[in-house]
Amino acid sequence: MALEPLSASGRDADKLSLPALQSKMKIDPEGYETELGLLYSQFNSALELFQQQAALNFTSISSSGVCADPTIAKDLGDRSMFLAHVTPFYPKQLAKFPSQLAEFLKNSARSLPSGLRCHVTQALILLINRQMVDISETLALFMELQTLGDRNLRKLAFSHVIHSIRRMNKKHKNEAKNRALQNILFAMLQQEDEARAKRSLITLCEFHRRKVWFDDRTANAICMACFHSSSRIMIAALSFLLDYEKIEDDDSDDSDASSSEDDSNPQISQVALGKEAIYKAHHKGTVSSKKKKKAKLQRAMRSMKRKQRLSAESSNSTYYSPLNHLKDAQGFAERFFSRLQTCNERFEVKMMMLKLIARTVGLHRLIVLNFYPFLQKYVQPHQRDITNLLAAAVQACHDMVPPDAVEPLFKQIVNQFVHDRSRPEAIAVGLNVIREICLRMPLLMTEDLLQDLVLYKKSHEKAVSVAARSLMILFREVCPSLLVKKDRGRPSDPKAKPKAYGEVDVVSNIPDLELLQENDDDDDNMEMDHDEINEDGDDIDNLESSGLDDEGDNDEIAASDDEDNPMYSDDAGSEDGDLQDDSIDEDSDNSVDENDGNISDDDDEGEEEDENLEEDGKDKDSPESDDRGMIEVKKPKASKRKFSDFNGQLTAADTSLRALKRLAEEKLKPTTSESEDGILSNEDFQRIKELKAKREAKDALARQGVKVPSSDQLSTKRLDPAKLEAHVRKKLTKEERLAMVRAGREATGKYQSRTAVKQKKTGGKSNRQKQHDKVMPSAARKARAARSREGKKKKQNRFGKQFRGKKAWK
């Protein structure tokens, strides 16, 4: 319908429509005050008419009453949008307009036509976006509009509430304002009206998922919705709480994708650290290729350190759940478990309730002893949705639960799933469940039971053998003494045993402080070694100048060397019997060379020592033989001594310079406060982080088995039920089998007979043609050439050499 044109003030012939008048009024607000008053009075008269109709309790104004004409409703909607656009330019004249709109929607929204309702709502949203109305005044109204049953209006009101509050908290959060808005939604959530409670729950879940209201008040309100009298509200809250971690993963994937799009720097491919990679980097290839491999390993080490830093800096855990914010987790679990026992819901709802209780028990490490006998009733291989139920049972197990309470459930799983007459799929699932439970509560396993379960590693079914081997590998790390000797392998700790029930490691010091102390001790030992080398070099020079070769002095020096250098004590001890013949210079200079030598050299030296001792014992009485022996021993070593003395002087000078440099650097460095008063500085904590990263990398390379996670990590992470069915081949339906057969036929093509294939053949050579292309041996080739020559000769002899031309007759 064309709107009635209005004459502009001061212009006789100018006729304007509402959009044109709106633009003119924005340019010159003072010149169009009369038109504004006229339009405002028209809006008020139409508004009073609709309010009177609503007071008469008509079910719908559009179908009955004096305002059944749709043009009147459209006219009111257009005028409300027009006034909403120009309200910022006329704040005094239109001061009551926002409250009139809100009051009109609050009283007459149910009886208004759908189009008019949407127009008036859009006008009110425009006023809120222009900050003419506060969202706290209209939040209850917009939540009420979502319950009217109008789909378009519900979408409009919901998106406005979400975006307006999200925009309000974008730069900074006003806690007082947020609390007022939260109280409105919390009050609606506690009402008995199902529609209002559901819309408030959906709004709170959306705010929590978008991390707008990421606090404990919102999380607790969502969790408490599980106790609502309406089962639909309870199911909605259960779905959000159980699927939240999946939502978190999707959000993190989206954020990673967006960050990778925004990031212009190319990502460097990371190299996985492994024994083979380290061996190749140091022992395989040329010098240049080794450098490249070492550089890759360095990049991998840096990436590991970066991941550790990011994980330490990130405040939000990957496995966050709103259940973390429960104020009374024990009371929540017990109250919800009592509702599960008395409810008459369908099986799917009961499974959701059971999984939420198990998740709460595992996350907060609660003790609900009645929960495990309740699970025991459903532990059957033929039970519906048994994998999810077993995953819930695993999550409810932790080290704070008494093993006696879980033992009947554990035995039920073993007896029902793992036996010779059970199906391979059930055996594999049962072994996987046993492994996961023993990972959390290893005290449940006995020696005889474990040895019987490990025997399934010889099964021909892949899923069963893999599950049994994984159980065996777990107990190699947890408690190797329960396994047979041949199954223990090479455990990292052969004497490892699980902690007794209630045993806790109490931390009495800063974590990983021993790494810093060990590193300081290593540095001190290196400095002491350098100092001893310098002292040995000085002693060598003094001994050379004085020429002393006394036995007593040699014994004292050798003993001091052995005490100060325990790593060389074995080599030094092998030469104790020959100290009379060997000089101190050779011992001090060639100690490194002796370590690098072979075992055969040490054996030869030992034999020579025994021979020298025997000769000394035989020739004690004859001084001549003794002198001759001494001369024979000293003659070949005189030349060695000159070379070794020169080499020793060089090494002593080099090490003395290095020791002086190190001493100067240590003196320039400020002394750490830890050595004085036990207080660590920021540099010390940074050094502890670096040493921890090195130790983790070294342990990862040296580890033979699996790394057993801590109880906190196990309770935080949710168990995926699909993990219990690893390597299990599911039985295919008839349709799936037929699809596989058809897919195999598509590759081979349609069946045809041989003759049809030969007839359709295009291109290629016949067998006779292929004979001409074959490579023949030399004898056959010569015989063939001879036959062709003889045939040509016979033909010439038969017809003659003269060409007679074509015959004219037939």
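E206 counts as buried at 15% relative accessibility, where buried means under 20% relative accessible area, exposed means over 50%, and partly exposed lies in between, with a 1.4 Å probe and protein chains only. The model is predicted: local features need pLDDT of at least 70, side-chain atom pairs count only at pLDDT 80 or more, and totals for chains, interfaces and linings use all residues. Residues are numbered from 1 along each chain as its sequence is written, and side-chain values use heavy atoms, with hydrogens and water left out.

**E206 and its helix**

- E206 sits in helix α9, which covers residues 194–209; helices are DSSP runs of H or I with at least four residues, strands are runs of E with at least two, and both are numbered from the N terminus.
- Not counting residues up to four places away in sequence, E206 touches F158 and I162, a contact being heavy atoms within 4.5 Å.
- The E206 side chain also meets that of R209 in a salt bridge, at 3.0 Å from N to O; the term stands for a side-chain nitrogen of Lys or Arg within 4 Å of a carboxyl oxygen of Asp or Glu.
- Both partners belong to helix α9, three residues apart, which is about one turn of the helix.
- R209 is partly exposed, at 23% relative accessibility, whereas E206 is buried.

**Other salt bridges**

- Side chains of opposite charge can pair when their charged atoms come close.
- Across the whole structure, a search finds 20 salt bridges.
- K457 and D487 form one of these through their side chains, 2.6 Å from N to O.
- K457 lies in the loop between α20 (447–454) and α21, and D487 in helix α22 (residues 485–488), so this pair ties together parts that are 30 residues apart in sequence.
- K457 and D487 are both buried.
- Another salt bridge joins the side chains of E690 and R687, at 3.3 Å from N to O.
- E690 and R687 are about one helical turn apart because they are separated by three residues in helix α31 (residues 682–702).
- E690 is partly exposed at 31% relative accessibility, and R687 is partly exposed with a relative accessible area of 27%.

**Cysteines**

- How many disulfides does a search of the whole structure find? The search finds zero, taking a disulfide as a pair of cysteine sulfur atoms within 2.5 Å.
- C223 is in no disulfide, and the nearest cysteine sulfur, that of C226, is 6.3 Å away.
- C223 is buried, with a relative accessible area of 0%.
- C118 counts as buried too, at 16% relative accessibility.

**V464 and its surroundings**

- V464 lies in helix α21 (residues 462–478) and counts as buried at 2% relative accessibility.
- Leaving aside neighbours within four places in sequence, V464 is in contact with P424, I427, A428, L431, Y456 and S459.
- V464 and V728 are 264 residues apart in sequence, yet 8.4 Å apart in space, C-alpha to C-alpha.

**Nonpolar surface**

- I367, L369, M400, L443 and Y501 make a nonpolar surface patch of about 430 Å².
- Patches consist of residues with over 30% relative accessible area and no salt bridge; like charges are joined within 9 Å, and nonpolar side chains (Val, Leu, Ile, Met, Phe, Trp, Tyr) within 5 Å.

**The chain as a whole**

- The chain has 36 helices and two strands.
- Of its 810 residues, 33% are buried.
- Its accessible surface comes to about 51,600 Å², of which 51% belongs to carbon and sulfur atoms; such areas come from the Shrake-Rupley method with a 1.4 Å probe, and for residues only the protein chains shown count as cover.
- Among contacts between residues at least 6 apart in sequence, 70% join residues at least 24 apart.

**Confidence**

- The mean pLDDT of the chain is 75, and 68% of its residues reach 70 or more; pLDDT is the predictor's confidence in each residue, from 0 to 100.
- Over residues 1–5 the pLDDT is below 50, and this stretch has six contacts in the model beyond near neighbours in sequence.
- Residues 247–272 also stay under 50 in pLDDT, with ten contacts beyond four places in sequence.
- Where pLDDT is low, the predicted coordinates should not be read in detail.
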